[in-house]
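Below is a short briefing on one protein model.

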Amino acid sequence: MRRNVDELLEETRRGLQRVSARQAAALVAGGGILVDTRPSELRERDGVVPGAWVVDRNQLEWRLDPSSPHRHEGVDETLYERPVVLFCDEGYASSFAAASVRALGLRGATDLDGGFQAWAAAGLPVERP
């Protein structure tokens, strides 16, 4: 069966409970983790969310797998149960990324609807370059 990327994205998102920027901020305030998967060019252009983990998309699964020797500093077994909100620039690639880390067993993984741009538009903290 052939699908186009929009159909695949829609199917992927059915398995997520995507969150708004305000909901993501509340999850972080309660102990959740924000993960910025944007390329360095976008972080340099638009800024970063203070406290967000920066993990390049091509390293994501290794960096967020608690059993990986290449895991991100701070990743441990508790990550399987904690909210993990991934974001990209506008909230498309992060849906696929969230589904991928959910497949690793991170049940609290989801993505930020609208991505970094929605976070910034909501007036939430951003460190500008």
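A salt bridge is a side-chain nitrogen of Lys or Arg within 4 Å of a carboxyl oxygen of Asp or Glu. The model is predicted: local features need pLDDT of at least 70, side-chain atom pairs count only at pLDDT 80 or more, and totals for chains, interfaces and linings use all residues. Residues are numbered from 1 along each chain as its sequence is written, and side-chain values use heavy atoms, with hydrogens and water left out.

**Salt bridges**
- The count comes to 10 salt bridges.
- R43 pairs with D56, their closest N and O atoms being 3.9 Å apart.
- This pair links distant parts of the chain, 13 residues apart: R43 lies in helix α3 (residues 40-46) and D56 in the loop between β2 and α4. Helices (H or I, at least four residues) and strands (E, at least two) are DSSP runs, numbered from the N terminus.
- R43 is buried at 15% relative accessibility, while D56 is partly exposed at 32%. Buried means under 20% relative accessible area, exposed over 50%, and partly exposed in between (1.4 Å probe, protein chains only).
- D36 and R38 form a salt bridge at 2.7 Å, and both residues are buried.
- R18, D111 and D113 are linked in a salt-bridge network.

- Four strands form an open parallel sheet, ordered β2-β1-β3-β4; strands pair if DSSP finds at least two bridges between them.
- β2 (53-54) and β4 (109-111) are at the edges, each with a single partner strand, so one side of each lacks a neighbour in the sheet.
- In α5, S94, S95, A97, A98 and V101 are buried.
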